[in-house]
Amino acid sequence: MKLSKKVVLLGHFGVGKTSLFRRFIDNEFSQEYKVTLGVQIKKKIVQLPDGRELSMIIWDAEGHSNSEDTRKSYLLGSHAFIYVFDLAREETYININKDLEYLKENYTKVPAKVLGNKLDLVNEKEISAHLKTNNIPFDCLTSAKTNKNVQDFFSDLAEEITK
Amino acid sequence: MEEQDKLKILKELLLTEEKEFADSIAQKVEELTKIVHQKKELSHKVDPIIDDKLEEFVQEIPKTLGPTITEALKEEIKNSQDAVVEALFPIIGKMIKKYIAHEMKLLSENISKKTKQAFSFKNWFRRTKAKVQGVSEGDLAISDYAKPRLIQMFVVEKNSGILLADYSPLSDGTIDKEMVAGMLTAIKSFVEDAFQGGDQNLELIEYELYTIHIQNFYSYYVAAVISGAYNMMFKEVLEDQIIDFAKNYISSKDLEDSTLFTKKLKKHFADEIV
């Protein structure tokens with residue numbers, strides 16, 4: 001039986017949602033910043049460890065300063081959210097707990113993964129310590145530019161949502 | 001002293017000033033004549049040279065100024081592509097429209113000619129029908145080809161945009177159906193959200209020669225891509241067939257098994273007239 005899951009990328013403007021999306025799907029990266037209007041959708045077939053194949057349909061939604069402003073119809077029917085923030089810009093994660101709370105309350109069954117992106121711009125040890133000190137939750141730190149942890153993150157997510 | 005000499009002396013005495021004036025005028029006239037003559041001569045000598053040079057210059061323009069002008073134009077077009085396209089669009093659109101109208105006329109005439117030459121029951125029937133309806137055989141044949149046809153059908157989960165089943169009476173094509181299903185859902189959601197029409201649903205999308213008929217159910221929707229002239233009669237037949245399919249063949253189990261759903265969809269619509 002065919003497996004398909006919808007995953008939505010969320011977060012502020014310019015945190016690298018589209019870059020992660022492009023890195024994961026097409027293994028491409030561009031320094032040029034083009035703001036996403038509305039949503040773009042792409043698919044990647046992910047090979048699961050048990051031999052099954054998953055069609056991961058990724059919705060790269062336009063950036064918003066808080067999750068409440070994201071068009072609700074884009075979030076409906078999701079199997080996972082990926083909340084992306086910019087490790088080099090504190091304003092993109094300072095209110096993260098409020099945003100995650102909103103998602104948890106309104107989409108109870110949908111897991112939300114938190115991803116700190118642009119690891120290439122910061123010192124990993126220092127930023128990890130800083131996030132922990134400030135009670136900023138995160139599941140993974142990535143760099144779409146260098147491809148660090150990107151493929152692993154999505155593979156783990158694919159496994160988790162098909163359990 | 002004779003009489004004549006006296007008169008001469010008298011003339012000289014009385015008309016000296018006038019004579020000097022007349023002489024000076026004569027001299028000036030002579031000078032002017034010389035200048036005019038010289039200019040004519042000059043012009044006669046210089047004009048062919050200037051003409052040659054001008055001609056040479058005109059001939060050299062493509063070589064000398066050409067690349068600079070072309071480069072400048074290219075740069076200008078490159079910098080304002082949108083403006084160029086914007087300006088050309090209506091002109092090209094009009095040209096294409098005229099061209100298509102002309103080609104359709106030729107096609108219609110050609111079909112009429114060929115159907116007159118060839119005999120078959122189909123042609124005979126069309127000829128009779130054309131006579132009854134008072135239209136040309138060519139126009140009738142073209143309208144046969146413009147009949148609405150089902151190209152592709154998608155059954156999509158309403159919220160997630162995940163493709164549950166699909167069917168195409170033609171080939172499977174190269175489009176990524178799952179992505180199309182996602183994008184259709186995004187467009188649908190956007191329109192339904194943006195215009196805040198309560199529980200209203202987007203039911204039709206038209207693009208160029210195709211129409212996407214959308215029929216909404218509780219947890220899924222059916223999108224049928226139609227080519228040709230989508231009309232009310234076709235819409236009603238299609239709606240009835242989709243409702244019939246949903247009512248009689250689809251259970252909640254099918255929504256969880258896309259392979260089974262696709263099989264049922266194919267079977268149902270392969271037998272139907274659309």
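How many residues does the contact take from chain A, and how many from chain B? The answer is 17 residues from chain A and 19 residues from chain B. Please keep in mind as you read that this is a predicted model. Chain A carries a mixed open sheet of 6 strands, while chain B has an open sheet of 5 strands with antiparallel pairing.

**Where chain A touches chain B**

- Four elements of chain A, namely β1 (3-11), β2 (39-47), β3 (53-61) and α2 (72-75), each supply at least two residues of the side that touches chain B.
- β2(A) gives the largest share of that side, with 4 residues.
- Sorted by class, the side of chain A that touches chain B holds 6 nonpolar, 6 polar and 5 charged residues.

**The largest nonpolar core**

- As background, nonpolar side chains tend to be buried together in soluble globular proteins.
- In this model the largest nonpolar core has 63 residues, and those touching the most other members are Val8(A), Leu9(A), Val84(A), Val155(B) and Val156(B).
- Strand β5 (residues 220-227) of chain B gives the most to this core, contributing 7 residues.
- Leaving aside residues up to four places away in sequence, Val84(A) touches Leu9(A), Leu10(A), Gly11(A), Val15(A), Gly16(A), Lys17(A), Leu20(A), Leu115(A) and Asn117(A).

**The sheet of chain A and its helices**

- The strand order in the open sheet of chain A is β2-β3-β1-β4-β5-β6, and the pairing is mixed.
- β2 and β6 (140-141) of chain A stand at the edges with a single partner strand each, so one side of each has no neighbour in the sheet.
- β2(A) runs antiparallel to β3(A), and 9 bridges join the two.
- Within this pair, Lys42(A) stands opposite Ile58(A) in β3(A).
- α5(A) lies across β1, β2, β3, β4 (80-86), β5 (112-117) and β6 of chain A, and runs at about 80° to β2(A).
- Helix α5 (residues 150-161) of chain A also packs with helix α1 (residues 17-26) of chain A; the angle is about 80° and the axes are 10 Å apart.
- Angles of 65 to 115 degrees count as roughly perpendicular, and α1(A) and α5(A) are therefore roughly perpendicular to each other.
- Leu20(A), Arg23(A) and Phe24(A) make this contact from α1(A), and Val150(A), Gln151(A) and Phe154(A) make it from α5(A).
- The contact of α1(A) with α5(A) has 4 nonpolar, 1 polar and 1 charged residues by class.

**A loop residue in chain A**

- Arg89(A) sits in the loop between β4 and α3 (96-106) of chain A.
- Is Arg89(A) buried, partly exposed or exposed? Arg89(A) has 14 C-beta neighbours inside 10 Å, so it counts as partly exposed.
- Although 75 residues separate Arg89(A) and Gly14(A) in sequence, their C-alpha atoms are 9.8 Å apart in space.

**The overall make-up of chain B**

- Chain B has 8 helices and 5 strands, and their pattern along the sequence is α-α-α-α-α-β-β-α-β-β-β-α-α.
- Of the 274 residues in chain B, 17% are buried.
- If you take the contacts in chain B between residues at least 6 apart in sequence, 54% join residues at least 24 apart.

**The sheet of chain B and its helices**

- The strands of this open sheet follow the order β2-β1-β5-β4-β3.
- β2 (163-167) and β3 of chain B are at the edges, and since each has a single partner strand, one side of each is left without a neighbour in the sheet.
- From one strand to the next, the twist averages 15°.
- Strand β1 (residues 149-157) of chain B and β5(B) run antiparallel and are joined by 8 bridges.
- Glu157(B) has Tyr220(B) as its bridge partner in β5(B).
- Helix α6 (residues 177-194) of chain B lies across β1, β2, β4 and β5 of chain B, at about 75° to β1(B).
- Helix α8 (residues 258-271) of chain B packs on the sheet too, touching β1 and β2 of chain B, and its direction makes about 30° with that of β2(B).

**A hairpin in chain B**

- Strands β3 (residues 204-207) and β4 (residues 210-216) of chain B run antiparallel and are joined by 4 bridges.
- Tyr207(B) stands opposite Tyr210(B) in β4(B).
- There are 2 residues between the strands of this hairpin, and Glu208(B) takes a positive phi near 45°.

Terms used: Residues numbered from 1 in each chain as written. Chains lettered and ligands numbered in written order. Predicted model: local features only at pLDDT ≥ 70, side-chain atom pairs only at ≥ 80, totals over all residues. Buried ≥ 20, exposed ≤ 12 C-beta atoms within 10 Å, placed from the backbone. Contact = placed C-beta atoms within 7 Å. Nonpolar A, V, L, I, M, F, W, Y, C, P; charged D, E, K, R; others polar. Core = buried A, V, L, I, M, F, W, Y, C linked by C-beta atoms within 7 Å. Pairing = 2+ DSSP bridges. Axes fitted to C-alpha atoms, helices over the stretch in contact; angles between N-to-C directions. Parallel < 35°, antiparallel > 145°, perpendicular 65-115°, else oblique.
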